[in-house]
Amino acid sequence: MTNKTTPGVAGGAKGPEELRQQIEETRGQLGDTVEELASKADVKGRAMARAADLKDKAGAMTVQLRSSAAEAGHAVQDRASRAGHAVQGRASEVGHTVQDKATHAGHAVEHSVPRPVRTVVQVALRHPRPVMVVGAVVGVVVVEEMVRRRNGR
């Protein structure tokens, strides 16, 4: 005869000691089964564990995204710096070209104008900033006069 309530036990107990041992085994198995069922029934506990896992994954992803963003920022900054240096170099070249042409034009004017004008040109060559300021002011005055004439004032 096989005992159907205790898996793995063939037949009944042959004595009180064996019966106690079978009861202890059955209690242990029953305790494990109850524990499994309790953990499956603990929806709140499982949800909290899942939330903790998701929080950990989100934290790791945040760190990874921040790192990627920092790398991208450094790459953009590097490219912008290189572009700025290229523009600066080109602007310097253009500036020197303009300066050379202005110097040549100044020398041409210097040799083709009367002596009093030549003196003014020589001073302008030695002190170009005040001449540029005066030129800008004269340009503004001319533009204002053109606007007044166009508007009939």
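Student: What makes the contact of Glu145 with Arg149 a salt bridge?

Tutor: A salt bridge is a side-chain nitrogen of Lys or Arg within 4 Å of a carboxyl oxygen of Asp or Glu. For Glu145 and Arg149 the closest N and O atoms are 3.4 Å apart, so the pair meets that definition. Before going on, please note that this is a predicted model, in which local features need pLDDT of at least 70 and side-chain atom pairs count only at pLDDT 80 or more, while totals for chains, interfaces and linings use all residues. Residues are numbered from 1 along each chain as its sequence is written, and side-chain values use heavy atoms, with hydrogens and water left out.

Student: Why are Glu145, Arg148 and Arg149 called a network of salt bridges?

Tutor: Arg148 also meets Glu145 in a salt bridge, at 3.8 Å from N to O, and this value too is within the 4 Å of the definition. Glu145 is therefore bonded in this sense to Arg148 as well as to Arg149, and the three residues are linked in a network.

Student: Where do these residues lie in the chain?

Tutor: Arg148 and Glu145 both lie in helix H4 (residues 128-151), 3 residues apart, and Arg149 is in helix H4 as well, 4 residues from Glu145; each spacing is about one turn of the helix. Helices here are DSSP runs of H or I with at least four residues, and strands are runs of E with at least two, numbered from the N terminus. An α-helix has 3.6 residues a turn, so residues three or four places apart point the same way.

Student: Why is Arg149 called exposed, while Arg148 and Glu145 are called partly exposed?

Tutor: Buried means under 20% relative accessible area, exposed means over 50%, and partly exposed is in between, with a 1.4 Å probe and protein chains only. Arg149 has 66% and so counts as exposed, whereas Arg148, at 43%, is partly exposed, and so is Glu145, at 33%.

Student: How do you know that Glu93 and Arg90 form a salt bridge, and in which helix do they lie?

Tutor: Their closest N and O atoms are 3.0 Å apart, which is within the 4 Å limit, so the name applies. Both residues lie in helix H2 (residues 43-112), 3 residues apart. Glu93 counts as partly exposed because its relative accessibility is 45%. A search of the whole structure finds 6 salt bridges, this one among them.

Student: What makes the span of H4 close to the expected one?

Tutor: The expected span of a helix is 1.5 Å times one less than its number of residues. H4 has 24 residues and reaches 35 Å from its first C-alpha to its last, which is close to the expected 34 Å. After H4 comes Gly152, whose phi is positive, near 70°.

Student: How do you know that the protein chain is more spread out than a compact globule?

Tutor: The chain has 4 helices and 0 strands. Its radius of gyration is 48 Å, well over the 15 Å that the globule rule gives for 153 residues, so the chain is more spread out than a compact globule. The radius is taken over C-alpha atoms, and the rule is 2.2 Å times the number of residues to the power 0.38. Along its principal axes the C-alpha trace spans about 140 × 40 × 20 Å, and 5% of the 153 residues count as buried.
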